[in-house]
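The sequence and structure are shown first.

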Amino acid sequence: MLSALLAATLATSLTACVSLPHDAAPPAGSRAKLGVLETTDLHANLVGYDYYKLKADPSIGLERTANLIAAARKEYPNNVLLDNGDAIQGTALADYQALVAPVSCAQTLAIYKAMNQLAYDGGGIGNHEFNYGLPYLNQVTASHFEVDGVAAGAARCAGPAFPLVLANIYSSRTRQPLFPPYRILQRQISATAPDGTAIRSSLRIGIIGFTPPAVLQWDQRALEGKVYAEGMREAALKYIPQMRAEGADVVIALAHGGLDGAPYTAAMEDAGYYLAQVPGVDVLLMGHAHQSFPQADSQLPAFNLAGIDKVRGRVHGVPAVMANLWGKHLGVVGLQLRHDGRRWQIERDASTVEVRATRQADRSYVAPDAALASLVAAEHEATIRYVQSPVGQSDFRMSSYFADVGDVTALQVVNQAQTDYVRRYIESSRPSWGGLPVLSMASPFKTGAAGAADYTDVLAGGLALNNVADLYLYPNALQVVRVSGAELRAWLEKSAERFNRIDPDSSTPQELVNPAVPGFNFDVLTDADVSYQIDISQPVGQRISRLIYRGVDVASNQQFLVATNNYRASGGGAFPALDGSRTVLAAPDASRDVLISYIRARRQLNYSRDGAQRSWRFAPLKTRAPVVFHSAPQLLELAEQAGLRGITQLNNDDGGGKGLALYAIDLSL
């Protein structure tokens, strides 16, 4: 089993060298390599399974990252495996263990069971660790928080078998850090003396953790009055000198944040750019932003700041890595060490940084660790049963069968959830944005490309978690872009490429939809404040007319905040201006989770409020011959329920072999 192999690899790293006398310094010029391995933002993705679709998903899961870990440990016999936080929340399995069938004090949380089996050396604390409240976090991390709301003197519960560190969150009662701010790990490593002799030497590895201070706003109900935050840079300046004084040879910063070139403030969420400038930081492990770093071809503004090497993985010269999310990647920093006769020094230029993917060059995935899956099998099966339970109700059917002709029943609630999330974020964290209009874009992910079953279709009645996931198919993260009125118009023009140009004088039927433009690139607004028309008699780029916001034509220089997903914001679909440079918020929450939380809070969806707000129309166009499109057969009633006019079914079978029917739309109505 792979887990046994990992244990054996660890054991072999402790043998086969001549040991120096205890605490004796190796000869000056001795060299060693240390592999610093990072996972981050696992979000309780243990196995390759999507609980919302109720199907396997080999692209995610620690069970596959485990194989990357084993390979990296073989390559770097001297190694340290660290997690950078957001481990305990993010899947239905996590919710099940926290909210539905809470783990007892004697039970180890599934994610920590797996990490224990993989022999992690340490971990940081992300903002999502606080989502379930301080009593829960205290229990599952085997801590003794001295904060209000946590019983004093409670027994230490089961938890991770490795230290967790966090330097910038403090107990309001004691004014002391909630977790140990840092730990120094004493390790025996294999090294090579200047004469080529294999030796063993002591290495003291310091790890220090940081989380976004804004967690106090994001989880205000759970944290207000109980803890307070300090800026990441301030905490680093305080504790890193102590770590050095206590003999740390290497200092690794576990920063649950990304990169931001804005002027530093103590409230900064993504402070890695400034942490790397703190004297004494040898390695920067990043997270939270759900990105991969280094990434040579990235157009993200944060990855193209002065002092950042997005190719070799350096931030102000400090080796730095971010291992994406959900177990898709493993961060690997190969530190080259050289002893100067007093202490080990980092040779930065000789060190390497990379992110290794579970998806291989041939598009297959590395094999899963069967032992890890077996370890959490009971929790996994219980979660599958759980996701089939309802999270809300709907009095209308939400589908994408007629999304190309104006049905927004499967889109409006997505836009509403995203808009609500952004507005709440502005209120709590960015009041300076309060004067900017907030909009949201959503697209129909399933539009029949694979046949009549390839549509979103959520029936009226109870909504279970997996039903909600049908509304948001992809595991994207919510992002917000700031665009001008001209850029908003260009965005909608690009979306309108979904349609062929229609010649009103043609005497033969014309296809409405351009099959080369996928449905997920047809972004639409569903907002009572916005209206616009798509004139498909015009050429591409000249189709959007009468774009109005609150009764007034949208001005080219007017500014908007638009909620979308990380795919679109970072350039997916090649939309004008959307290349990552307009992103002003990369939310730490998945778009699907935002939607689920919104429906849970609303409980009851109804058509007039949640499914009927159509912002766009086709510009009236009278044609000589039918304009046709394809969808599943015998569904005219759905079109009528969505308020669509002029839709007729011409043939129950369009002859394409996918089980689709041929419909027509009268564009003059």
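Cys 157 is buried, at a relative accessible area of 16%, whereas Cys 105 counts as partly exposed at 30%. Here buried means under 20% relative accessible area, exposed over 50%, and partly exposed in between, computed with a 1.4 Å probe and protein chains only. The model is a predicted one, in which local features need pLDDT of at least 70 and side-chain atom pairs count only at pLDDT 80 or more, while totals for chains, interfaces and linings use all residues. Residues are numbered from 1 along each chain as its sequence is written, and side-chain values use heavy atoms, with hydrogens and water left out.

The structure holds 1 disulfide, the term being used for a pair of cysteine sulfur atoms within 2.5 Å. A disulfide is a covalent bond between the sulfur atoms of two cysteines. The partners are Cys 105 and Cys 157, whose sulfur atoms are 2.0 Å apart. Their link is left-handed, with -105 degrees about the S-S bond. Cys 105 lies in the loop between H3 and H4, and Cys 157 in the loop between H5 and strand E7 (164–165), so the pair ties together parts that are 52 residues apart in sequence. Helices (H or I, at least four residues) and strands (E, at least two) are DSSP runs, numbered from the N terminus.

The buried residues are Ala 92, Leu 93, Ala 94, Asp 95, Tyr 96, Gln 97 and Ala 98. Their cover includes helices H4 (110–117), H5 (134–140), H11 (377–386), H13 (465–471) and H16 (591–602).

Helix H11 contains Ala 378, which is exposed, with a relative accessible area of 59%. Ala 378 and Ala 110 are 268 residues apart in sequence, yet their C-alpha atoms are 9.6 Å apart in space.

Asn 84 is placed in the loop between strand E5 (79–83) and H3. The residue is buried, with a relative accessible area of 0%. A polar atom of the Asn 84 side chain lies 3.1 Å from the backbone oxygen of Met 286. Apart from neighbours within four places in sequence, the residues in contact with Asn 84 include Glu 38, Thr 39, Thr 40, Gly 124, His 256 and Met 286; contact means heavy atoms within 4.5 Å.

Gln 336 lies in strand E18 (residues 329–339) and is buried, with a relative accessible area of 12%. Beyond neighbours within four places in sequence, Gln 336 is in contact with residues including Arg 31, Ala 32, Lys 33, Gln 345 and Glu 347.

Two strands are taken to pair if DSSP finds at least two bridges between them. E23 and E31 (residues 559–565) pair in the parallel sense over 3 bridges, and Leu 561 in E31 is the bridge partner of Val 438.

H12 has 18 residues and reaches 25 Å from its first C-alpha to its last, close to the expected 26 Å; the expected span is 1.5 Å times one less than the number of residues. Among the buried residues of H12 are Gln 412, Val 413, Asn 415, Tyr 421, Tyr 425 and Ile 426.

E36 pairs with E37 (residues 661–665) in the antiparallel sense over 4 bridges. Within this pairing, Ile 647 stands opposite Ile 665 in E37.

Note on methods: Polar contact = N/O pair within 3.5 Å; in protein donor to acceptor, adjacent residues only side chain to side chain.
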